[in-house]
Structure formats: C-alpha cells, structure tokens
Amino acid sequence: MELFEAISTRRSIRRYTADPVDDDKVNKILEAGRWAPSWANTQCWRFVVVRDPEVKARIGQCLMGAKIEGKAVDNPATKAINTVPVLIVVCAEMNKSGCKPGDPTSKDFVTDKGDWFMFDTALASQNMVLAAHGLGLATVIMGAFDAPAVEEILGIPKGYRVVVLLPLGVPTWEGKAPPRKTLDEIVVHDQWDS
Ligand SMILES: Cc1cc2nc3c(=O)[nH]c(=O)nc-3n(C[C@H](O)[C@H](O)[C@H](O)COP(=O)(O)O)c2cc1C
C-alpha cells in the first residue's frame, strides 16, 4: 500500500473477526515500532504482547468510560479488547527520553517539556498502527484506562509506565472516517497573529 494511502485510509477499528493473528504479522508490526524515531535514539519504549485470554479480560476491566451529556458510557473499545486475539501494551522507561544524551546519571530534562516518553511511544504506536493497516489488520490506539492497574496485572517493573493499548485483529469492516479539521483551520503561515 502506498504511504499516503495508508495514512489516510487507516481507521480506528473496534470490531474484529474471531480469526487469529499469526506471529509473523505481530513481529512485523513490532519491527515497525522498533524503527520509530526517538529522543537521542533512546528508544524508551517496551512492548508487552498479550495473547492470554484471561490476562486480556483482566485488562478489559481497567478501561475507562466517559460521560456524554451527563450519561455514563463505556469506553467505545470495550468490546474490542474482550474479543481481539492480540493486545500490544506499549510501555515506556521513564527518565530517558528528553534527558541529556550520553549522561545517564543526569535526571535533568533538556527542554521545558520534561520527559518525552509520551511523544516517543506515540511515534512507535503510529508506526505499528500503520503497519497493521498495511498488513490488512485493524487496531485502535487506546489511552482511556487505569494504567497503574494494568501495570499491576502485567508486573511492569518500577521505572516503567504503561502508555497505550493496541488491540490487533482482523477487521469486520473498513471503518468510517470521522471528519478532520481543514488545513485552513490548523495551519498558520509565518506569524500566528490573525
Ligand atoms: C492518545 C489516544 C487515545 C485514544 N484512546 C481511545 C480509547 O480509549 N478508546 C477508543 O475507543 N478510542 C481511542 N482513541 C481513538 C480515537 O478515538 C480515534 O483515533 C479518533 O476518533 C479518530 O478516528 P480514526 O482513528 O478512525 O481516524 C484514542 C486515540 C488516541 C490518539
């Protein structure tokens, strides 16, 4: 699939068939994550691949819903996580991204943004999501869940955080694109004063 086509036709898909996803495809997707850029090439990401239905079900209990017009609703990806064959849990080692390169003893961050772990793991996640789409698989990036509870379930060591969940399955449909802002609404030229 051509790159721009992959970028524009990728959708968040929350419905999957019962078909399994083979290791070869999972490894290709993890490879795509591994090749993402990162702060001073620190590669703070770690990926936990969950196939165990029991563990997936426990993680499914950690999802956060939302309140829409005062009414509590489930996280839209609740069903996805309970039915999907593979779940990639994207984690990050803390205090690496954004620190002075070559100075592992320094915990000082270089910029006013502090730890860049969210940024680096986002780049790896987007690579994986696009790779999955290119392989005919479906994913959705999930951020609304109780991360400390998932860390407990997976035995994530101290100094690491769980950032997002990426369910990985065979899609039941192509998905429908939610509207995007136009370039006029989001692009400024030269000076942001109008
Ligand atoms: C950081 C982040 C967190 C997200 N968390 C959730 C989530 O918890 N549950 C869910 O169903 N979708 C989640 N999404 C998916 C977005 O809702 C989706 O990307 C957006 O509506 C645009 O749709 P598209 O991905 O099909 O273009 C998340 C996306 C991002 C980037």
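Strands β5 (residues 138–139) and β6 pair in the antiparallel sense over two bridges, where strands are DSSP runs of E with at least two residues, helices are runs of H or I with at least four, and both are numbered from the N terminus. Pairing here asks for at least two DSSP bridges between two strands. Before we go on, please keep in mind that this is a predicted model, in which local features need pLDDT of at least 70 and side-chain atom pairs count only at pLDDT 80 or more, while totals for chains, interfaces and linings use all residues. Residues are numbered from 1 along each chain as its sequence is written, and side-chain values use heavy atoms, with hydrogens and water left out.

Let us stay with β6. Thr139 stands opposite Leu168 in this strand, and Leu168 is also the bridge partner of Val86. Strand β4 (residues 86–93) runs antiparallel to β6 and is joined to it by eight bridges. Strand β6 itself (residues 160–169) is mostly covered, with eight of its 10 residues buried; buried means under 20% relative accessible area, exposed over 50%, and partly exposed in between, with a 1.4 Å probe and protein chains only.

A nonpolar core is a set of buried Ala, Val, Leu, Ile, Met, Phe, Trp, Tyr and Cys residues joined through side-chain atoms within 4.5 Å. The largest one has 23 residues, of which Ile59, Val89 and Leu165 touch the most other members. Two or more residues come from each of α4 (78–83), β4, α6 and β6. Apart from this core lies another, of 20 residues, including Ile29, Ala132, Leu166 and Leu168. Leu165 makes contact (heavy atoms within 4.5 Å) with residues including Ile59, Leu87, Val89, Val140 and Phe145, leaving out those up to four places away in sequence.

Ile59 leads us on to helix α3 (residues 53–60), whose buried residues are Lys56, Ile59 and Gly60. They lie on the same side of α3 because they cover an arc of only 105° around the axis, the arc being that of the directions from the helix axis to the C-beta atoms. Their cover includes β1 (45–50), α4, β4, α6 and β6.

Helix α6 (residues 147–154) holds Glu151, which is buried at a relative accessible area of 14%. Beyond its neighbours within four places in sequence, Glu151 contacts Ile156, Tyr160, Arg161 and Val162.

Now for the aromatic rings. Those of Phe, Tyr and Trp (its six-membered ring) pair if their centres lie within 6.5 Å, and planes under 30 degrees apart count as stacked, over 60 as edge-to-face and the rest as tilted. By this rule there are two aromatic pairs. In one, Trp116 and Phe119 have ring centres 5.2 Å apart and planes at 75°, so the pair is edge-to-face. Trp116 is partly exposed at 22% relative accessible area, and Phe119 is partly exposed at 46%. Trp39, Trp116 and Phe119 form one aromatic cluster.

Finally, the cysteines. The whole structure has zero disulfides, a disulfide being a pair of cysteine sulfur atoms within 2.5 Å. For Cys44, the nearest cysteine sulfur is that of Cys99, 10 Å away, and Cys44 is buried with a relative accessible area of 0%. The sulfur of Cys91 is 10 Å from its closest cysteine sulfur, in Cys44, which is too far for a bond. Cys91 is buried too, at 2%.
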